[in-house]
Amino acid sequence: MLRILFEGRSPKNILCLGAHCDDLEIGCGGTILRYVKEMKGTNFHWVVFSSDDHREKEALGSAKDFLKGASRRKIAVNRFRNSFFPYQGAEIKEYFEDLKREFHPDLIFTHYREDLHQDHRIINELTWNTFRNHLILEYEIPKFDGDLGSPNFFVHLDAGLCRSKSRKIFKHFKSQRDKQWFTEDTFLALSRLRGVESNAPGRHAEGYYCRKIVS
């Protein structure tokens, strides 16, 4: 398994983009926890595009928890209408243009291109439309639609870190606990599968889709 090492050239500015309040935590939460711990001096810019009064409080609390220990962090929780992103494209595009002027990322986490949720796809499309010369990792989210693919980039994790990720998600997103898929075994099952696929020493991993990478 070929390894890409960041030692000595760690990304200093990481942009995290999530359509909804728990997307980042589910899709790349373990990676964020690992990078906060290992990549000292990193600046995180965390953006959530859709929320309401209650979910905004959940999202802010969760983001602060996942980014605890980061050298610098900025958290933005917006109010674009849930499930209507294709019809708000112009407004979201303007937001991306403002973001491009404000922040210059070395690494971007965004949604998977083939995700069947329309809001997720819009965020992916505008990520690539806006940031055209950046390292972009597309994360995956398990859901009813069954749209998981075959990742080509993996971040190795251990079971303890994955359990910490799951505990934080359940602690902060109480409004989602009634959903049948929103369970610890869902998150651990996916990370265990990606760990098998990438021969992870710690048995777990998060999988990403990387279209372009230059060494």
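Modeller: Start in helix H2, residues 53–66, which holds both Glu58 and Arg55. Helices here are DSSP runs of H or I with at least four residues, strands are runs of E with at least two, and both are numbered from the N terminus. The two residues are three apart, about one turn of the helix. Glu58 and Arg55 form a salt bridge, with their closest N and O atoms 3.7 Å apart. That term means a side-chain nitrogen of Lys or Arg within 4 Å of a carboxyl oxygen of Asp or Glu. Side chains of opposite charge can pair when their charged atoms come close.

A word on the basis: this is a predicted model, where local features need pLDDT of at least 70, side-chain atom pairs count only at pLDDT 80 or more, and totals for chains, interfaces and linings use all residues. Residues are numbered from 1 along each chain as its sequence is written, and side-chain values use heavy atoms, with hydrogens and water left out.

Back to the pair. Glu58 and Arg55 are both buried. Buried means under 20% relative accessible area, exposed means over 50%, and partly exposed lies in between, using a 1.4 Å probe and protein chains only. The pair also belongs to a network: salt bridges link Asp22, Arg55 and Glu58.

Glu58 has another neighbour to look at, His172. Leaving out residues up to four places away in sequence, His172 touches Glu58, Gly61, Ser62 and Asp65. Contact here means heavy atoms within 4.5 Å. His172 lies in helix H5, residues 159–172. His172 is buried, because its relative accessible area is 15%.

Now look at Glu102 and Lys74. Their salt bridge brings the closest N and O atoms to 2.2 Å. This pair links distant parts of the chain, 28 residues apart: Glu102 is in helix H3 (residues 89–102) and Lys74 is in strand E3 (residues 72–77). Glu102 counts as partly exposed because its relative accessible area is 43%. Lys74 is partly exposed too, at 40%.

One further pair is Glu138 with Arg211. Their side chains meet in a salt bridge at 2.8 Å, N to O. Glu138 lies in strand E5 (residues 135–139) and Arg211 in the segment after strand E7 (203–209), so the bridge ties together parts 73 residues apart in sequence. Glu138 is buried, with a relative accessible area of 1%. Arg211 is partly exposed, at 32%.

How many salt bridges are there by this rule? The count comes to 16.
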